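Here is a short briefing on helix packing and charged pairs. Take a look at the structure first, then work through the points.

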Amino acid sequence: MTSSLLFLVLLAALLHAVWNSMMKSSNAPEIVIASYQLIGSFICIVPAVLLPFPNPSAWPMIIGSVIIHNFYYFALAQAYRAGDLSHVYPILRGTAPILVVCGAAIFANEYLTLNKIIGISLISLAVMSLAFRPTKFGKMTTKALAWAIATAFLIASYTIVDGLGVRTAHNELSYIIWLFILEIVPIGIFMLITRRNQWFEYLRKNHKSVFFGGIASSLAYGLVVFAMSLGALAVVSSLRETSVVFASIIGAVVLREPFGFARFRAAILVAAGIIAIHWFTN
């Protein structure tokens with residue numbers, strides 16, 4: 001992995017942590033997600049007109065990714081309703097890279113060197129370790145764990161689909177742009193039918209934060225999809241999940257949350273994983 005690609009993915013992880021931290025205080029994650037997607041879709045309309053249309057082979061991947069992403073939003077909401085955020089989020093984000101390793105080998109014929117497998121395992125362990133706090137982990141219900149694992153499978157699924165899709169597209173940016181334009185359609189229709197007044201009221205009251213959150217959200221995943229056209233799917237996926245540790249740092253610095261030993265341990269494991277992936281020779 002080149003230094004520029006590493007920087008690209010870590011920047012995406014940081015942006016992911018930023019918009020998730022912005023969403024943290026909301027009691028209605030579906031409304032926030034739909035609002036951010038709406039902004040991303042509007043922003044993408046102009047470049048969509050200027051860029052070439054995605055080639056036909058990319059469209060099944062774009063449509064498939066849109067469908068999987070919207071199932072992911074549903075599963076994520078169910079996981080958060082069934083369990084505590086501090087338990088569910090590290091489990092689903094930490095499990096996904098391991099699933100991507102398996103899926104990339106099956107569907108993309110990507111077989112990683114030992115140092116990269118070690119690095120990915122360290123990063124996944126670091127992320128999941130944030131859920132294992134002796135006084136709290138026992139409160140996680142079987143239902144919450146099941147939804148977290150289901151969500152992880154969906155994360156791995158759309159990661160592999162987009163990784164393969166952006167590689168088949170003649171223009172990587174066109175793939176990303178049309179993915180963002182279409183992704184709002186299912187969840188947007190659902191919100192208009194079920195929570196239209198609440199959604200419009202949220203947009204009216206929070207238009208500034210929605211604008212910046214939408215940019216951060218779109219740019220974060222757009223960078224990841226572009227990075228997957230250049231590097232191994234599992235490596236990009238694992239480095240993206242360092243966003244959980246970035247979010248912990250933001251929480252400690254900006255929100256004055258205690259950093260604690262668990263977060264320090266996770267940061268050390270993430271650093272070790274990045275070193276294994278990037279600096280060890282293949």
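How many salt bridges does a search of the whole structure find? The search finds 5. Keep in mind that this is a predicted model.

**Helix H6 against helix H10**
- Helix H6 covers residues 142–168, and helix H10 covers residues 233–240.
- They pack at an angle of about 125°, and their axes lie 10 Å apart.
- H6 is therefore oblique to H10.
- Their crossing is right-handed.
- On the H6 side, the contact is made by Tyr158, Thr159, Ile160, Gly163 and Arg167.
- On the H10 side, Leu233, Ser237 and Arg240 take part.
- Sorted by class, this contact has 3 nonpolar, 3 polar and 2 charged residues.

**Helix H2 against helix H9**
- Helix H2 spans residues 29–50, and helix H9 spans residues 207–228.
- The angle here is about 70°, with the axes 8 Å apart.
- An angle from 65 to 115 degrees counts as roughly perpendicular, so H2 is roughly perpendicular to H9.
- H2 brings Ser35, Tyr36, Ile39, Gly40 and Ile43 to the contact.
- H9 meets them with Ser209, Val210, Phe211, Gly213, Gly214, Ile215, Ser217 and Ser218.
- By class, there are 6 nonpolar and 7 polar residues, but no charged ones.

- The side chains of glutamate 110 and arginine 167 form a salt bridge, at 2.7 Å from N to O.
- Glutamate 110 sits in the loop between helix H4 (85–107) and helix H5 (114–129), while arginine 167 is in helix H6.
- The two are 57 residues apart, so the pair links distant parts of the chain.
- Glutamate 110 is buried, because its relative accessible area is 14% and the limit is under 20%.
- Arginine 167 counts as partly exposed, at 34% relative accessibility.
- Arginine 167 is also one of the H6 residues in the contact with H10.

- Glu201, Arg204 and Lys205 are linked in a network of salt bridges.
- Glutamate 201 pairs with arginine 204, and their closest N and O atoms are 2.7 Å apart.
- These two are 3 residues apart in helix H8 (residues 196–205), so about one helical turn separates them.
- Glutamate 201 also pairs with lysine 205, with the closest N and O atoms 3.4 Å apart.
- Lysine 205 and glutamate 201 are 4 residues apart in H8, again about one turn.
- Glutamate 201 is partly exposed, at 31% relative accessible area.
- Arginine 204 counts as exposed at 54%, and lysine 205 counts as exposed at 57%.

Key:
Residues are numbered from 1 along each chain as its sequence is written. This is a predicted model: local features need pLDDT of at least 70, side-chain atom pairs count only at pLDDT 80 or more; totals for chains, interfaces and linings use all residues. Side-chain values use heavy atoms; hydrogens and water are left out. Axes are lines fitted to C-alpha atoms, for helices over the stretch in contact, and angles run from 0 to 180 degrees between N-to-C directions. Angles under 35 degrees count as roughly parallel, over 145 as roughly antiparallel, 65 to 115 as roughly perpendicular and the rest as oblique. A crossing is left-handed if the near helix is turned anticlockwise from the far one by less than a right angle, and right-handed if clockwise. Contact means heavy atoms within 4.5 Å. Ala, Val, Leu, Ile, Met, Phe, Trp, Tyr, Cys and Pro count as nonpolar, Asp, Glu, Lys and Arg as charged, and the others, Gly among them, as polar. A salt bridge is a side-chain nitrogen of Lys or Arg within 4 Å of a carboxyl oxygen of Asp or Glu. Buried means under 20% relative accessible area, exposed over 50%, partly exposed in between (1.4 Å probe, protein chains only).
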